[in-house]
Amino acid sequence: MTGRIVCKLADCPQNLTSQGRLRNYLGLMIEDTPLQDWIVFTHEVRTVSGKHRTQGGLVIYVIDGNGYSVVDGVRYDWEKGDLVLLPLREKGVEHQHFNSNPEKPALWMAFIHSPTRDYVASEMTQTEVSPEYKAAEEAGRA
């Protein structure tokens with residue numbers, strides 16, 4: 001496979017989604033790269049993300065900030081430089097991410113191996129939308 005080797009920040013706009021502020025680098029809408037088996041995106045967590053359930057298999061690297069994730073009801077604290085691993089579970093893993101510093105957003109990057117996601121027939125079930133998205137939706141900007 002061929003395609004761009006460097007995914008420039010300017011070519012990957014940030015979007016406000018039901019999960020929060022995401023920026024896609026690989027996969028989903030980015031198709032002109034040599035690594036089509038991966039989905040890679042950043043999530044800027046200003047307060048709290050949306051809550052959802054997937055089958056897991058997600059790797060999250062914390063680029064900046066600190067916070068915590070609630071995974072199946074258990075709190076896990078993280079900070080810059082940490083790696084968060086969501087386990088693979090047949091019935092899914094419910095999770096939500098929180099920023100601990102109201103003065104500064106947390107930023108992390110997620111990596112999903114598409115063949116693994118497809119193998120476990122992963123699906124996403126949204127159980128709560130991010131407060132930012134809800135506010136934008138109510139204002140007619142989402």
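## Strands 1 and 2

Strand 1 and strand 2 (residues 21-26) are joined by 3 bridges and pair in the antiparallel sense; two strands count as paired if DSSP finds at least two bridges between them. Strands are DSSP runs of E with at least two residues, numbered from the N terminus. Gln 14 has Arg 23 of strand 2 as its bridge partner.

The model is a predicted one, in which local features need pLDDT of at least 70 and side-chain atom pairs count only at pLDDT 80 or more, while totals for chains, interfaces and linings use all residues. Residues are numbered from 1 along each chain as its sequence is written, and side-chain values use heavy atoms, with hydrogens and water left out.

Strand 4 and strand 11 run antiparallel and are joined by 3 bridges. His 52 has Gln 126 of strand 11 opposite it.

## Nonpolar cores

The largest nonpolar core contains 16 residues, and those with the most contacts inside it are Phe 41, Leu 58, Ile 60, Trp 78, Trp 108 and Ala 110. A nonpolar core is a set of buried Ala, Val, Leu, Ile, Met, Phe, Trp, Tyr and Cys residues joined through side-chain atoms within 4.5 Å; buried means under 20% relative accessible area, exposed over 50% and partly exposed in between, with a 1.4 Å probe and protein chains only. At least two residues of this core come from each of strand 3, strand 5 (58-64), strand 8 and strand 10 (106-113). Strand 10 gives the most, with 4 residues. Apart from this core lies another, of 5 residues, which include Cys 12, Tyr 25, Leu 26 and Met 109.

Not counting residues up to four places away in sequence, Ile 60 touches Asp 82, Leu 83, Val 84, His 97, Trp 108, Met 109 and Ala 110. Contact means heavy atoms within 4.5 Å.

## Aromatic pairs

The structure holds 2 aromatic pairs. In one of them, the ring centres of Tyr 68 and Phe 98 are 4.7 Å apart and the planes stand at 10°, so the pair is stacked. Rings of Phe, Tyr and Trp (its six-membered ring) pair if their centres lie within 6.5 Å; planes under 30 degrees apart are stacked, over 60 edge-to-face and the rest tilted. The pair links distant parts of the chain, with Tyr 68 in strand 6 (residues 66-71) and Phe 98 in strand 9 (residues 93-99), 30 residues apart.

Tyr 68 counts as buried at 17% relative accessibility, as does Phe 98 at 18%. Arg 75 lies over the face of Tyr 68, at 3.6 Å from the ring centre; a charge sits over a ring if NZ of Lys or CZ of Arg is within 6 Å of the ring centre and within 35 degrees of the ring normal.
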